[in-house]
Amino acid sequence: MNQALAKAQIEANITNRFGSIFKIAEKAPTDFLSSGIPEIDAVTGGGLPRGAITEIVGAASSGRASLLSATLTDAITRSETCALVDTSDTFDPASARQAGVNFNSLLWVRCGNSVERAFKATDFLLQSGGFGFVALNLSDVTGNYTRRIISSWWFRFRRAIENTPTTFMVISPVACVRSCASVILEMRNNRALWHTSAPFFQTKNPAAGVCLTKGCQISLVEDPQQQHSSSFLTHAYLLRAIDVRVKLVKPTTWIEGFVRFHQPI
Amino acid sequence: MFACIYGQPLAKIKPTSDDEINAGEPLVNLAFSFSPLIEQTTIDTVVLDIEGQEHLFHPTGIAETNKNNEWSYKIADQITRCAQGDGLKVNVAVASNPDAAIHAARALNGITIIPQGNELTKLGNLSLKLLDYSLVRIDDTRADEIRETFALWGLRTFGDFARLPIRGVAQRLGQEGVRLQKLARGINKRHLVLVQPPIGFEQSLELEHAITELEPLSFILSRLLNQLCANLDAHALATNELRLSLVTESAALGSCSTLEDQISTESGSDRMIHDRTITLPLPMRNTKMFLRLCLLDLESHPPPAPVTAISIIAEPTKPRVLQNGLFIPQAPEPEKLELTLARLAKLVGEENVGSPELLDTHRPDAFRMKRFDLSSTQKNRTSNPQSVILKPSIVGFRRFRPPLPAQVITKGERPMRISARKLASSDTMRGKILQASGPWRTSGDWWRPDVWARDEWDVAVADANGQSEILCRIFRDLASEDWFVEGIYD
């Protein structure tokens, strides 16, 4: 936070003295692909930008796979062709089907824990064109490894998809795409709901809706109809829901949101 | 000039079905060996256009007037010899028009040469019963009526009928009579109804020296595929299946024992055939695309020994016709997609590329990979965003394949601490279990040797740095009493 403020202050001083000649002119995205989660679309200002790289950063159980499933569901429903490059072969078709993913339009590439193969496969897919949504899942790749990925890969990917309607999502434990990412979302597991425990996420005003203001949090309405009965247990879904905090890191507008991911009933 | 081959052993019936046409196939093949312009008049009668073949059979040292007869006789003699070689007994007649040749071949044994202008001389003594009414498109009922008329008139031979005045014939029998008289006089002119040679989309090449590397093979493949695509293009067709056969020198079978490789040994020789089939989701006829697909396939499944002969067969089909909607989202081009899939299959293996398909079982992680095919979804594509219905966000799950073995300390039945190490990385999942919910007992497939039974728990494990918790599903295998981490809720 302090670094960002310092950077903004320096940039402001330079602009006052020399104008905006040193500022890198980035094209503002005009077309978006919905993430399938209205709260995240609100945070990012419309969804995931097309023709740009979106990076999802978060630790385990921070809702990254949930966001991926929701985006796949929404994109395929809109007749987009999707591809998933699964570095560690951890994609679960059963849970994705419950999230509503139609597999007929999903190309799944299992890379068997090889990051090199994953990047080559991603390159093939992006260069061939025509895919509406391509995701590169680096969730199980350690942070030390992802930081060592050379930037030329990301520049190559960004160059391949710019001026195309392709949305490219990179999911990683730590930020690694750096300047090539147009949007960086940080996700964090806030709390989990269990069937044996009482619901903890309660809003004071159930009709509050979503309050979106720069610099403030988004309050979500908890739909009473979506609360699961504690006596209702589906197949092994003993965990009830996960509350995830989503923070927009880039562009640095510091918007946060909260999303609740439910277990399917 | 036209030559007619009449096969004597065959029954004289008109071809009415494909089987009967196939019965006359030896005659057609014989005729095709002399001329590409063939008419199969009936099952036992074939007419071929031999115009221009005098250069092949041109006699020397003979007067100009006898030259035509001489080379015609040579052709007819050659046809007869070839037919005898194939076990056929044939009559051959050569005339200036096809119908005269047909009548002469059917009526006169051996070789008959009819010089132009002398048709009536040769045909005049033939019985009118041999007159083929179908050649002038007269149906059987009308033909019977005309035969009765001829009988009443006392006509018995072609010559009798030919000598009648044409005006009188026209007044009594109409235009049919005029056409029949021309037929009897041997001056009826018409075009042949040509038999189209069977379309073969096969290209093959025998090599003088065996090829051991892929790069020189690519040049040969390119040449064959170019010719194949040109043939397809000429017939306005495309293909959705390429069958590549590589004849290789003898080699140890053990080096090529993959299931998909179809390797057979030629009987009586030490050569082997390496067959590969490339199935395309949509009809195509792009040479470069075919070449890349063939090369990628051969890189993944190389022939076991040096290649001595190559054969490519294309399965012809109608080309793809597709009109995209203006507002329908873009989809990968089929040709590019096929190439990308081939590259991905080479990179990660064929079994790791495709669309998942869930199996109808309760067994955990039961799915299979099927070929990624967009052609089935193309029809249902829509650009209407109103069809998108927002669903509640569902918790995602990331599954470890295979499940991670874990050491779990329990208190009673309840897990209290867990320690598991990911196989492919140095990451460990170790710590106190903060929250646990379970057990959920599942079992199935008791009638199979790989029966499964287990107790599942959803647990929250404290992260190594203590800042967050990892939500994962663990299970205890009831057969082995071992604990495993199945995956992470993410």
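Biologist: How many contacts beyond four places in sequence does the model have for residues 252-261 of chain B?

Modeller: The model is predicted: local features need pLDDT of at least 70, side-chain atom pairs count only at pLDDT 80 or more, and totals for chains, interfaces and linings use all residues. Residues are numbered from 1 along each chain as its sequence is written, while chains are lettered from A and ligands numbered from 1 in the order in which they are written. Over residues 252-261 of chain B, pLDDT (the predictor's confidence in each residue, from 0 to 100) stays under 50. Contacts (two residues whose C-beta atoms, placed from the backbone, lie within 7 Å) beyond four places in sequence there number nine.

Biologist: And how many for residues 10-17 of chain B?

Modeller: Here too pLDDT stays under 50. Where pLDDT is low, the predicted coordinates should not be read in detail. For residues 10-17 of chain B, the count of contacts beyond four places in sequence is 14.

Biologist: What pLDDT does chain B average?

Modeller: In chain B, 84% of the residues score at least 70. The average over chain B is 83.

Biologist: How many of the 14 residues of helix 6 of chain B are buried?

Modeller: Helices are DSSP runs of H or I with at least four residues, strands are runs of E with at least two, and both are numbered from the N terminus. A residue is buried if 20 or more other C-beta atoms, placed from the backbone, lie within 10 Å of its own, exposed if 12 or fewer, and partly exposed in between. In chain B, 32% of the 490 residues count as buried. Helix 6 of chain B is hardly covered, and its buried count is zero.

Biologist: How far apart are the end C-alpha atoms of helix 6 of chain B?

Modeller: The expected span of a helix is 1.5 Å times one less than its number of residues. Helix 6 of chain B covers residues 140-153, so its 14 residues should span 20 Å. The model agrees, with the end C-alpha atoms apart by 20 Å.

Biologist: Which element of chain B gives the most to the side that touches chain A?

Modeller: The two chains meet through 64 residues of chain B and 74 of chain A. Elements giving two or more residues to that side of chain B include helix 12 (375-378) and strand 13 (397-411). With seven residues, the one that gives the most is helix 11 of chain B.

Biologist: In strand 11 of chain B, which residue is the bridge partner of W108(A)?

Modeller: Strands pair if DSSP finds at least two bridges between them. Strand 5 (residues 106-110) of chain A and strand 11 of chain B run antiparallel, joined by two bridges. The partner of W108(A) is G354(B).
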